[in-house]
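Hello,

Here is the structure you are taking over. My notes on it follow below.

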Amino acid sequence: MTGPVLIDVLGLRCPIPVQQTRMALRDLSEGGFIHLLGDDPESLHDIPALLDRLGLPPAEITKTNTGWLYVINKPAS
């Protein structure tokens, strides 16, 4: 099993975090995880909305010193 895909969008604003997350999810194997590091406050709404639209479980969101860490998983069907 490989580790999570890391996406660092610190300093980038909407719509870049959502676009990069969407692209990573396309390539992510079922059962895989993405760790998204970001500091755009809009992402606190946009990332959960994206996952909801895609029918994926909500992200685990943790506050960090620089922003937020989103742990996103793509469960096996």
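The accessible surface of the chain is about 4,700 Å², and carbon and sulfur atoms hold 56% of it (Shrake-Rupley method, 1.4 Å probe; for residues, only the protein chains shown count as cover). This is a predicted model, in which local features need pLDDT of at least 70 and side-chain atom pairs count only at pLDDT 80 or more, while totals for chains, interfaces and linings use all residues. Residues are numbered from 1 along each chain as its sequence is written, and side-chain values use heavy atoms, with hydrogens and water left out.

Of the 77 residues in the chain, 34% are buried (under 20% relative accessible area; exposed is over 50%, partly exposed in between; 1.4 Å probe, protein chains only).

The elements run β-α-β-α-β-β from the N terminus on, that is, two helices and four strands (DSSP runs: helices H or I, at least four residues; strands E, at least two). The radius of gyration is 11 Å, close to the 11 Å of the globule rule for 77 residues, so the chain is as compact as a globular protein of that length (C-alpha atoms; the rule is 2.2 Å times the number of residues to the power 0.38).

There is one salt bridge (a side-chain nitrogen of Lys or Arg within 4 Å of a carboxyl oxygen of Asp or Glu). It joins D39 and R13, at 3.1 Å from N to O. D39 sits in the loop between β2 (32-38) and α2 (43-53), and R13 in the loop between β1 (5-8) and α1 (16-27), so the pair ties together parts 26 residues apart in sequence. D39 is partly exposed at 21% relative accessible area, and R13 is partly exposed at 43%.

Regards
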